[in-house]
Amino acid sequence: MKDKMLVIDWGTTNLRAYLCNVDGAIVRTKRSSRGIKTLSREEYPGVLAELLSGMNVAGDETIFISGMAGSKNGWIEAPYCDVPCRIDHLYKGLITLPGDVKGYLIPGIKAVKDDHSSDVIRGEEIQIFGALEHMDIKSGLLCLPGTHSKWARVIDRTIVDFSTFMTGDVFQGLSQTILGCNNRDPYSPKAFLEGVSAADGIAGGLLHQLFTGRTRMLDGQLADSEVSSYISGLLIGHELNEATSYLTEQDTVVIIGSDHLCDRYLLALKEKDIKAVSLGSDIATCCGIAALQYIKGSKQ
């Protein structure tokens, strides 16, 4: 199946594999809990072979692996590309997989700020380029929500800067506090929007505002089950306040992610009168790899 390619988004806790046409259209998918935190370097070839067998593929497809498998803690390190970064820079930074495996690891991207701090992304970079290709966008502000949310500024199909917000990690960490935040509570859009508004409407900063999730419940303004939605809105509200400071009047924010996360960010941005559209991360990943494969094919 030389007209097919195998795309793997190999993260810290999970991996997602897609058998795709060369234009990025998804034919078949498979998910696994064999993220990099569970693997030694010696185990990657075996996990990959098991994955290929489980997907019933021919075995002659070119494999492209993005995400944390290319980190220092992964299979083989694929050094970061610096910003400003175009997709052809990723092509030049591809790392060939070892042994008889026909495929490549995709590098991440690193940004050094004016204050000499730095930021990095792995996996989201190919989704950004995939969104640009799929939606025919040249410039804009893109958001990739998750455990570590990423916001990237793109100018003329070039990633010029980005920032990471540990929104998801902080939310999970609050499960160990008196707030008891967790994703098992039913989602309340009303409580979520109250949290988004609280990020601007309550004095004292985030550390004080977090405790209002407790006091609102004690005062009867929130049900026990609504506290998680309220805190989620509060954290995302603070994230948006920082990230959208880079927004121009011409921008429509492009959100790339799972449906449930995209829906929350779309709702929060609407509350702030900011235009936004969304795209599934699966589509973005595969379209980004398709664009990379096109460059590879044109070089041969």
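Student: In the loop between which two elements is Pro84 found?
Tutor: This is a predicted model, in which local features need pLDDT of at least 70, side-chain atom pairs count only at pLDDT 80 or more, and totals for chains, interfaces and linings use all residues. Residues are numbered from 1 along each chain as its sequence is written, and side-chain values use heavy atoms, with hydrogens and water left out. Helices (H or I, at least four residues) and strands (E, at least two) are DSSP runs, numbered from the N terminus. Pro84 lies in the loop between β5 (81–82) and α2 (87–92).

Student: What is omega for the bond that joins Val83 and Pro84?
Tutor: Most peptide bonds are trans. Val83 and Pro84, however, are joined by a cis peptide bond, with omega of about 0°.

Student: Is Asn56 buried or exposed?
Tutor: Asn56 sits in the loop between α1 (44–55) and β4 (62–67), and has a positive phi of about 55° although it is not a glycine. Buried means under 20% relative accessible area, exposed over 50%, and partly exposed in between (1.4 Å probe, protein chains only). Because its relative accessibility is 62%, Asn56 counts as exposed.

Student: How are α5 and α8 oriented to each other?
Tutor: Axes are lines fitted to C-alpha atoms, for helices over the stretch in contact, and angles run from 0 to 180 degrees between N-to-C directions. The axes of helix α5 (residues 189–201) and α8 come within 10 Å and cross at roughly 50°. Angles under 35 degrees count as roughly parallel, over 145 as roughly antiparallel, 65 to 115 as roughly perpendicular and the rest as oblique. The two helices α5 and α8 are therefore oblique.
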